[in-house]
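Please open the structure in a viewer and keep the selection panel at hand.

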Amino acid sequence: MATGRLGVEETLGALNAALGPGVPVWFKETRARHLRVRDFLAPRRALQARFGDGEVPERVVHAVAGLQGPGVAPVLGCAPTPAGLALQLQRPAVFERVLGAVAAYSAPAVPATRGPRVLLHCPSLRAEPCALRLSQLRAVLVADHLARALHVRGVSVSLVPAVRDPHMSTFLQQLHVDWPATLERVPTEALRSRALAELTSAGDLGALPPDVLGSVCLKELVGGRGRTAGYDPNLDSCLVTEDLLSVLAELQTAAQHWPEDGSRDLVAAPDAAPDSLMVVHVVSYEEEFQQQKLDLLWLKLDDRAPLRQKHLVCGPVKAIGVPSTLTAPEYYELRHAQVCKASALRHSKDLAQDPAWTETFRVLSTATIKFEMLSKAPQSQLLLALADSFYTKGTKSGIFVMYNCARLATLFEGYKRGVEQGLYPTFPPVSSLDFSLLREEGEWLLLFNSVLPFPELLSQTAVLDGTAPGLHIATRMEMVCKFLVQLSMDFSSYYNRVHILGEPRPHLFGQMFARLQLLHAVREVLHAGLAMLGLPPLSYI
């Protein structure tokens, strides 16, 4: 049997190559009604542009039907249809290849070369937690999600700032945000000396506040590389304070020293040249102007400052039905109260004070917040509907995803109990399973839309193009939340329709084991996706 991980991108690449030179025309089907008859399609209109009359040469059809290669899914057949050239895969063979190597599909594809080191800076973490705005909370959650996505892809990441406020550390722990903390301050003497040499004379500025050392002119930087990079043309000077120098010193230290893999101990980076590092400032839209000043000041005061600095700007957050002054901790408490209320209605008793449920309620509250904050592109405006009905209804919430996570746990616990009671045999070797017994529409939907493409989704989530022109950088951080919601919807529909743990009759065990192996893969993918959000899986809800 062929080995190696199958890939959607590899299959699409081979299909497009089989048609000959030209723009890609094949795409993967995702809708259930289309997957009943095909898995990939080359649309008729695109074929007409490629082949003139739209008639695909017979030799090309034969080449597509016989497609093989590394990562290419086995093809069953290819035929012209009114919609275009339709291709269907050998589904039992695909089930066998994927479900026989589940671990390979819950991790990202390893990049051929290691990308640059990434210094991830989130200025919102310097705020006091009691005053943290919703837009700042969004930036914090985006930064944490981005850091996890980069780590999963094997990118070397350093996180700044280290949190010094113990109350902020506690709040981050509540939100399952993994960020370093410290009680120490980085020395600023070298930067202060350089800044004092660049300061505009006090007589030119008039009376200065007591905490301001002076002003540094930034016009030359804005007029040069700054304007072409996208810095605000109104930036002309920056008031230098001890706090600002402290921020710069921490960034400077992080850029010039790097944590060893698996350790937070700083060591001198052998490739610490300015062009070997990319700095990504994850900022709320209110913080961007100040961060632009800080970027330019860093370049002014430090000859070794990284040349590639990018801004990931998080759009505004507007909460509907609550005061505009709602803070992040108040938002968390509101969601937590709604979780407890919904649980009391479901279980007909108040479980808020039950120690066994305390952590579950915290995870559900955090899941609600993270899916709300991370399900839209970071750059877009976010509207939060904070009424109870938003939490208790709908299939696009974090609660719905966690609910289906718990359903999977209950399913496998039920099988385990059945084995202990002698109802079911122990699970056989995966190589002995007959995956041709997986004929339900929902089974192919789960494998083809969720398990098979998951490694590529992980690889695409944290792609940072540091070579693109301009100051701003875009990411697709919303992809994981959207994927998990769709996976949960497909699983829920399948689970409600199909009885997995059938009657304990030997002639039914083959199909039951094949289905359990499929749902084992679904569970692994779901857990890996939740880990990207810093959410632990739940076994009950």
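Begin with helix 19 and helix 20: helix 19 passes helix 20 in a left-handed crossing, a term used if the near helix is turned anticlockwise from the far one by less than a right angle, with right-handed used if clockwise. The model is a predicted one, in which local features need pLDDT of at least 70 and side-chain atom pairs count only at pLDDT 80 or more, while totals for chains, interfaces and linings use all residues. Residues are numbered from 1 along each chain as its sequence is written, and side-chain values use heavy atoms, with hydrogens and water left out.

To find the pair, select residues 479–497 for helix 19 and residues 506–532 for helix 20; their axes come within 10 Å and cross at roughly 155°. Helix 19 is therefore roughly antiparallel to helix 20. Angles under 35 degrees count as roughly parallel, over 145 as roughly antiparallel, 65 to 115 as roughly perpendicular and the rest as oblique. Axes are lines fitted to C-alpha atoms, for helices over the stretch in contact, and angles run from 0 to 180 degrees between N-to-C directions. Helices (H or I, at least four residues) and strands (E, at least two) are DSSP runs, numbered from the N terminus.

Next, show the side of helix 19 that carries V480, F483, L484, L487, F491 and Y494, which meet R515, L519, V522, V525, L526, G529, L530 and M532 of helix 20; contact means heavy atoms within 4.5 Å. This contact comprises 12 nonpolar residues, one polar and one charged. Here Ala, Val, Leu, Ile, Met, Phe, Trp, Tyr, Cys and Pro count as nonpolar, Asp, Glu, Lys and Arg as charged, and the others, Gly among them, as polar.

Now select helix 8 (residues 189–198) together with helix 11, whose axes come within 9 Å and cross at roughly 125°. Helix 8 is thus oblique to helix 11. L191, R192 and A195 of helix 8 touch E242, L245, L248, A249 and Q252 of helix 11.

Finally, turn to the open sheet of four strands, whose order is 6-5-11-12 with parallel pairing; two strands pair if DSSP finds at least two bridges between them. Strand 6 (157–160) and strand 12 (308–314) each have a single partner strand, so one side of each is left without a neighbour in the sheet. Select strand 5 (residues 117–121), which four bridges join to strand 6. V118 has V157 of strand 6 as its bridge partner.
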